[in-house]
Amino acid sequence: MNGWRYAIRELRYFVAIAEELHFGKAARRLEIAQPPLSRTIARLERQLGVTLLERTSRKVTLTEAGAVLLSEGRAILSAVTAAERRTQQAAQRRPRLVLAVKSGTAGELLAKLLDAYRMEPGAATVDLLLCEAHQHQKLLQDAQADVALLHLPFDSTVGLDTETLYTEGQVAILPSSHALSGRSQIRMAEVTALPELPMARWPGPGGSYPEGPGAEVRNLTQLFQLIALGRTTVIMPESAGTDLRRDLAAVPVVDAPPVTTVIAWPPQSRLRAVADLIRVATRL
């Protein structure tokens, strides 16, 4: 056990230096002195028989081998952290579940799901984790969340198990004062052709935004404020267009692809509470 802990500590030290590219900053981040940190990295290089870091008096850079270990080390540390959390959670007398959802989405379904699950015998306490676009997958993989509500095709389900809950159409969210806001329906080409309201841009899985003139947004609160100000627009699931503020309008987009809401969880999950929540969700 001590050997395992020591190996994990070496990896943590190396990842800190590889990310900071500065021994002093890494030592402060780890809250240790710099000399033992330097000795640990030198010992790790001897054990592996490779040079991980190129050091000069001015800078620290990663070698090709160091870049590989950084990638692998991050994955290992993430898996270790997740294993610790799941193990501790399994030992709790009254389990707690963390459900990750994007703020402002699936509101009606979420309320029904929580109410129905609360009535189940031995139901766990469910904590909601409100997150931004494309965060679900990492939250589940790192065991910061046990289960999540995702929307296809917008969210990735790679490496996750899923159950389909429902499929819905999409709406365009426009300023209520816009000429098209009173229409009973609209087509995608009409929305994307509005020069005064370029389509909003969401960050991708890596955090970068696609090219385009539309506003960069991270959450619905920010998005709706910009639409109300006449700066951007968006096409999104119709459930997100319910109970809008008065200065916004939702118009059905007849030719938009359907959006499917799924409940997702890590395939390695063995928690009875997760299985119960999934069963209630699919029943609803």
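The lining of the largest pocket divides into 15 nonpolar, six polar and five charged residues. Here Ala, Val, Leu, Ile, Met, Phe, Trp, Tyr, Cys and Pro count as nonpolar, Asp, Glu, Lys and Arg as charged, and the others, Gly among them, as polar. The model is predicted: local features need pLDDT of at least 70, side-chain atom pairs count only at pLDDT 80 or more, and totals for chains, interfaces and linings use all residues. Residues are numbered from 1 along each chain as its sequence is written, and side-chain values use heavy atoms, with hydrogens and water left out.

**Largest pocket**

- The largest pocket has a volume of about 550 Å³, a volume being the space filled by probe spheres set on grid points that are joined across faces, edges and corners.
- Of the 26 residues lining the largest pocket, K102, F154, W202, V234 and I235 are the closest to its centre.
- A pocket is an open set of points on a 1 Å grid over the protein atoms alone, where a 1.4 Å probe fits, with protein on both sides within 12 Å along at least five of seven lines; lining residues have an atom within 4 Å of a point.
- Strand 8 gives the most to this lining, with four residues; strands (E, at least two residues) and helices (H or I, at least four) are DSSP runs, numbered from the N terminus.

**Second largest pocket**

- The volume of the second largest pocket is about 320 Å³.
- Its lining has 17 residues, with G107, E108, L109, Y166 and S239 nearest the centre.
- By class, this lining holds nine nonpolar, four polar and four charged residues.
- Helix 5 (107–118), strand 6 (161–168) and helix 8 each supply at least two lining residues, and helix 5 gives the most, with four.

**S181**

- S181 lies in the loop between strand 7 (170–175) and helix 7 (188–192).
- With a relative accessible area of 17%, S181 is buried (under 20%; exposed is over 50%, partly exposed in between, with a 1.4 Å probe and protein chains only).
- A polar atom of the S181 side chain lies 2.8 Å from the backbone oxygen of S176, and the side chain also reaches the backbone oxygen of H178 at 2.7 Å.
- Not counting residues up to four places away in sequence, S181 touches L174, P175, S176, A249 and V251 (heavy atoms within 4.5 Å).

**L229**

- L229 is placed in the loop between helix 8 (220–228) and strand 8 (234–237).
- L229 counts as exposed because its relative accessibility is 52%.
- L229 and R74 are 155 residues apart along the chain, and their C-alpha atoms are separated by 42 Å.

Technical notes: A polar contact is a pair of N or O atoms within 3.5 Å; within protein, one must be able to donate a hydrogen and the other to accept it, and residues adjacent in sequence count only if both atoms are side-chain atoms.
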